[in-house]
Each structure stands twice: as structure tokens, then as C-alpha cells.
Amino acid sequence: MSQMTDTVIQLDFSEEMKNSYRDYAVSVIVSRAVPDVRDGLKPVQRRILYAMKELGLSPDKPHRKSARIVGDTMGKYHPHGDSSIYDALVHMTEEYSLNTPLVDGHGNFGSIDGDGAAAMRYTEARLSPAAMTMLANLEKGLVEFIPNFDNSEKEPRVLPAMLPNLLINGTTGIAVGMATNIPPHNPGEVIDAVIAYMDRPGISLDKLMDYMPAPDFPTGGIITNASELREIYEKGEGKIRLRAKTEVEKGENGRKNIIITEIPYTISGNKAKLVENLASLAREKVFDEIYDVRDESSKEGIRIVIEVKKDRNIENLLNGLYKKTQMEDTYGVNLLAIKPTEEGNGQGQPKVFNLKSMIEEFVLFQEELYTKEYRFLLEKAKKRLEIVEGLMKATDAIDLIIEILRGSSSVKQARACLIEGITDGIKFKSEASQKQAKTLLFTEPQADAILAMPLGKLIGLEILKLHEENDSLLADIAECQKVLSDVKALYKVIKTRLREYKKQFATARKTMLIDTVTKAYVEKVVVEDLYICIDRFGYTKAVDTAAFGRAGEDTKKEFTQIVKMKNTDRLCIFTNAGNMHQVKADKIPRCKMKDKGTLIHSLCKMENAEEGLLYVCFEDLFESMLMFTTKSGYIKLVSGVEFDTARLQVAATKLDEEDKLVDVSLLTAGEVLDGRKKVILLTDKGLSLGFPINEISELKKASRGVKAISLDKGDFLVFATAVEPSAETFVYNGKELNARRVRNRKRAAKGQKATLE
């Protein structure tokens, strides 16, 4: 029995991780996320288009199920998830994402609102006319074909794109350590810029921008930093500010309407989110000027209506909307694409191009494509000319050829005679015919064409056509040789075809160019009174004075806390955990009296275990004194001025561990100074103590306070209040207790039993 020996391969862990991650990164960059600068396509897009061509889905053919297209693409060329392939197919149909869609979709392929496409089994697709410019002449050997992932098929390394797709449609992609974001441009402008570069390869960037001044987005909109575009095109990166296009119309009841007719490209495919955001800002009174928001968009175009209240500043409102919504957004440009290597191994290198170098790469690619195309046409014309010349020669000696055919015992024998002049075994009518047959010497293709020639070709008209075809082929060959030998002639052919594409795909510019800076929004707040109503469960709402006044007393009794305040003020909540929470009035939902409202814990950072002891508006708090009393018997007075802070949560007092606030009372400075109030404390064991309020020290909010009452072991304070010195009773837990039985002794003294009335 042989002994198996294990081979241990020692690897450096960091080196292996580095190499593996580098390979992964290169794969993502080159094979997934970044397009080729020549055809402007990512691998998945290229494979989808090629699979559709193989299925024969040209624009003049019926649509085919998307599931079939995805299946062929995945099974033959792209071994990844079907959902990612279908997403790429859907994107190539979107007129709001691409200036010239590459796929013609039939069915529900989603919408600009953000609706998703139907499942691939329900939709159908075929190639668009623009896609045919990317796939034309594939059979002419213009591009290299490489094995697919399992060597069972061949696929093009790059498509023979004769339309500058990368600049026209743009692209976006996130790779490892880099990202690409190329904006779409107007097809006519791009073609004009390419032709201008071909006319003058040394053309300056400024001159190029005369033909192609800026991106042209399918959704239109306005570019507001036009003066910065030159630097962006020079560096290949930068930021473009996009703004929605708006109009102002007269509305109902004296109101005016802001109409959004075009949206920024950055929210293309997500228009519904913009409408929802605008409606939310109106509902939450962030912009008090807005009366209503509705979406009236249709097949005719986008129409988002913002109704503005009477006598409001429309321009100021627009400034605010530009600042706080996606009506104005930023598009980050990064002209990153894969540049083919000189070795031609197909790996390529990612590079950030500028506008001129990107056009240069396209022109170089066109030179390569058209050179290969005309070489192909030249070879094809030469081969056909050879056959035509043979047929013409044959028609001149047709009687001899018929004699050869009739005298031959086989096609092989006749073919040998036509090509090599071998007459052995062939019966001729005369020696002169045999001698002449030895001089024919046709080429192999010519001989094959003669042997296959039908008798109908001997008609005079057909012979005339052969002579005409011969002349045409000679002219074609001369033209091809001229194009291949003269760059100017080659460029002329390229430009002629580009101009044809311009007639086919050019559209009017959609995106406007201006230079402007968004002005600050001046918030004009209308001050009004509100009632903040909080029920025993903590549900909170803001009610205007009219609605509150109409409510019945029974309805008002449902609320444990009712605070009157201005809509510009903030609600301050003091809790038993010793915290003060603040909520701005405009953050509290406006409701009707019958509405439930929102939990107070959702409006601020109150913990679920915290219990609100005092609810007061800051305006009242600022001018008041607060009396804090804790479970351990500590007490203090604090000026409301100390709580003037913008922070939404602060510690209102210092508490020992396990200690809690029992009461926070709001007092006026006069009540404290003049002793017009008496403090009453009550413990868990029923002991009570009373003393004038002016005996309490005024301290800082960060202090613990002073001892107000001595407590037995296990006893603790459960209640504290400030009442009039003449008060006969006080209420605790719904019961009236005798205020006179409370002994007026020193604060540290023992209390006495409080009796029920």
C-alpha cells in the first residue's frame, strides 16, 4: 500500500489577499462597472445587444419576450444573475435616461415616477434604430471576436459603434476605488463636435464647446453654473448644478401656481419622491406659503402644480424650494472609461478623459473601423470582379465552352480543361477547337462560376448587365483604394455617414444654460396662537385657537395637559428623570380636535420610562422660577433664564443615583420673593411638612438642592406643591388633604400625619 504524501504550499497571507483583491478589483472595473471608451457600453449592455442581434430582433421585426433575451444573454455570454441583466435591458429602453434608447420596449418598462418594470415574462423588446448603428457591419470582421465564458460561443470584444454613444447617452457606474459618471449630450451637437475635430485635429476646447456647449439631459431642466463647464470638460470631472424648469400661472381664488415642467436629471426615474417631498413640506408647514401640491403629469409631459397662497412672494418661495428640495441638485461629472491598451489584449486601462481626448478616441476607433470596412469591400469587389471578368470571357467563347462541356465525360474533366487547359479525353469537333481550349486558363472561382452559369445568362441583356457590373466594380475598387490610401478621403466617408446619423437622431436641445446663484430663502413667519393638547397616553397635537374655541368642555377634559403658546415658540418638557426636552412648535403636527396626534416620545428624545411633570412654553418659562423637588427630599429654586438653550435635550437638575424628580412647579418671581406661596411636602408614609416658599434657596440648575425634610428609613417623598398660605386643603391623587394640619417647622424637621378632610 503506497503512502500518500501531502504537498503543503506556503503562502504569505497579506500577499495573497493583495493579489486576490487586485484581481477582483480589475474584474469589477473592466468587466462590470466601467464602459469602453470606443462603444460606450458596459459588458452586460454589449452582450444584451449582441444576443438580440443573434435573435434577429432588428427594428423591422416583431418584439420578442424579454425573458428569452435575458435567457440567451445569460446562457451564452453573461453568466450572472438574470435580474441584473433585465435591469440593464430595462435601462436601455428608458427615454428619460437616454437621449437615444438602444432598446425598443413593448409593455410596462417602468416610468419616470419610479415605478418598476413588469416581470420579464410580461414585457417584450427589440433593437432600436440607434442600436443598429452600434451593430452594423459585424459580419465584415471590423472587430475582434473572443471566446465566451465556457468557450462554446464567440462574442465581440467591442461593438463596431459608428455613433458616439458614450457622449450621447452617458453612463454611470461604481467600481472598486473609482466611479464613472458621464452625462448625456445632444446627439446633433456631439456629431457636429466630432466632425469639427476631424476637420481640425488641433481644435481648441473652446472651439469644440461652440459645437457642444454642455450636457443635454433627457429630462431637460436648467444648468445654473454654465461658466464652470469649460473647466469640467478640461479636467474631466466637476459638479454641475441642475435646476427644475418652472412657470408661474394664475390659479383659483386669487392664488398663483408654480408649475414644474422639467425636473433635474438626478431624480429621473424618481419623480414621485420629489412630489411626496413637496407635499410633506407643505403639510408640515415648512413653507407656509404653499397651499397645495399635486401631480398633473401625463403622456404629454411633466406638470407638478404648487399652489401658492395669496400675496406671497413667489421668487422667495422658489429660492427656499431650491435650497430644501431636489428641485435643485448636483450632478457629479467623472469622465472615466476604459482605454484599450496598445497591445490589443482587450484588458484595457481605466482613464479619466477630457472632452477632446474622448472625442479623439472615438475618431481613432472610426478610422480603424472604416479602414477594415473598406478593406473588406475592396477584397469583396476584387473577388466579384474576377468572376465577372471570367463570365464575360466565357460569353465571348461560349461556343467553345459548350463544345468542351459536351465533349467531357465529367465535370472534373471539364473543370480541369477550363483551369489548366488539359484536353486529354475530351472530344472536340476540330483540332483548332482543342488548340484554343488549351489557352482559356480560367481561375478556379471563374471556372466554378462558368460551370454554375444558367443558360439564361447568355441572353444579350444579361451579357450587357455583366459589362455594366464590371464597370461598377472597377469604380468601386478605385474608390476603396482611394479611401484606403488617403486619410482625407477616409474622413470624408466617416463624416458623410455621421451627417446621415445626425438627420436621423438629432433633436432640439432640452437643457437650458444660465449662470446664477440661488438666493437665500427669507422666511416670513406669521405669528399665531396655538394650543398644544396632550392626553394621558402622551399623544400630542397642535390646534389653532378657532378649533380649540369650538371644542366642548368634555372634549377638553380628555387632555391632561393644555399649553397655550405661539407658533414660533417651543414646548419645554421637564421629566422625572431630571431632563428638559424641547420641541419646536412647527414640529408638532397640526391637527383637528378629533385627530389622535403623535406620541410626545416621537417628537423629542424622551425615553419610554420618562414621565413628563411640567409642560410649559419657553416664553412663560423664561420669565418664571422653577421649584424642583426630588424623591429623596431635596428642593431648590432655579431661574427659568438658565434653560435658554438651543439644545433639544439638557439636564434640568443634578440627581443622585436612584433619585427622581417628584415635582417641578412653575412660579413667578414675585410669589417667591414675597413669600406668597407655601410649600407642602408629602411622604409615602403619610408624613407632611409645610413652610414658606421664600425659605428655599435659589440655586443653579446643575446643583442637587438642599434637604427639605428628614425621612425615616424606607420612606420617600411622593408629592410636593406650592399653595396659597391661606389654603385649607390640597389635592393629592384625587383626594383632598387638610393643609392646616401640615406643621410649619424647619425644612429638616419630621413631618406629621396629614388627615383626610
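A word on touching before we start: contact here means heavy atoms within 4.5 Å. Keep in mind too that this is a predicted model.

**Stop 1: Lys-556**

Select Lys-556, which you will find in helix α20, residues 553-556. Is Lys-556 buried or exposed? Its relative accessibility is 17%, so Lys-556 counts as buried, the cut-off being under 20%. Now show what surrounds the side chain: setting aside residues up to four places away in sequence, Lys-556 touches Phe-548, Ala-551 and Ile-562.

**Stop 2: a stacked pair**

How far apart are the ring centres of Tyr-531 and Phe-548? The centres are 3.9 Å apart and the planes meet at 10°, so this pair is stacked. Tyr-531 belongs to strand β18 and Phe-548 to helix α19 (residues 545-550), so the pair ties together parts that are 17 residues apart in sequence. Both partners are covered: Phe-548 is buried with a relative accessible area of 9%, and Tyr-531 counts as buried at 17% relative accessibility. By the pairing rule, the count of aromatic pairs comes to 12.

**Stop 3: the sheet around β18**

β18 is part of an open sheet of 4 strands, in the order β20-β18-β19-β23, with antiparallel pairing. Look at its edges: β20 (559-566) and β23 (598-599) each have a single partner strand, so one side of each is left without a neighbour in the sheet. Inside the sheet, β18 (residues 529-535) and β19 (residues 539-544) run antiparallel and are joined by 5 bridges.

**Stop 4: a tilted pair and a strand end**

Move on to helix α22, residues 618-622, and pick Phe-618 and Phe-622; they are 4 residues apart, separated by about one helical turn. Their ring centres lie 5.7 Å apart with the planes at 50°, so this pair is tilted. Colour these two by accessibility: Phe-618 is buried, with a relative accessible area of 10%, whereas Phe-622 counts as partly exposed at 35%.

Then select Ser-639, in strand β26 (residues 634-639). Ser-639 counts as buried at 17% relative accessibility. Leaving out residues up to four places away in sequence, its contacts are Ser-624, Met-625 and Glu-698.

**Stop 5: charges over rings**

Two lysines are worth a look here. Select Lys-631 with Phe-716: the charged end of Lys-631 sits over the ring of Phe-716, 5.0 Å from its centre. Then try Lys-707 with Tyr-634, where the lysine lies over the face of the tyrosine at 4.9 Å from the ring centre.

**Stop 6: the β29-β30 hairpin**

Select residues 678-683, which are strand β29; 5 bridges join β29 to β30, and the two run antiparallel. Leu-681 has Leu-689 of β30 as its bridge partner. What phi does Gly-686 take in this hairpin? It is positive, near 90°, and the hairpin has 3 residues between its strands. β30 itself, residues 687-692, is mostly covered, with 5 of its 6 residues buried.

**Stop 7: the nonpolar cores**

Jump back towards the start of the chain. The largest nonpolar core has 113 residues, and the members that touch the most others are Ile-48, Leu-49, Met-52, Ile-359 and Ile-404. Helix α12 (residues 355-396) gives the most to this core, 16 residues. Apart from this core lies another, of 26 residues, including Leu-274, Val-293, Leu-318 and Tyr-322.

Centre the view on Met-52 for a while. Beyond its neighbours within four places in sequence, Met-52 is in contact with Leu-57, Ile-69, Leu-89, Val-103, Ala-125, Arg-126 and Leu-127.

**Last stop: the whole chain**

Zoom out to take in 23 helices and 35 strands. The radius of gyration is 44 Å, well over the 27 Å that the globule rule gives for 757 residues, so the protein is more spread out than a compact globule. Along the principal axes, the C-alpha atoms fill a box of roughly 160 × 95 × 50 Å. Buried residues make up 48% of the 757. Of the contacts with a separation of 6 or more, 68% are between residues 24 or more positions apart.

Notes
Residues numbered from 1 in each chain as written. Predicted model: local features only at pLDDT ≥ 70, side-chain atom pairs only at ≥ 80, totals over all residues. Heavy atoms only, no water. Core = buried A, V, L, I, M, F, W, Y, C linked by side-chain atoms within 4.5 Å. Buried < 20%, exposed > 50% of the residue type's maximum accessible area, 1.4 Å probe, protein only. Pairing = 2+ DSSP bridges. Phe/Tyr/Trp six-rings, centres within 6.5 Å; stacked < 30°, edge-to-face > 60°. Lys NZ or Arg CZ within 6 Å of the ring centre and 35° of its normal. Rg over C-alpha atoms; globule rule 2.2 N^0.38 Å.
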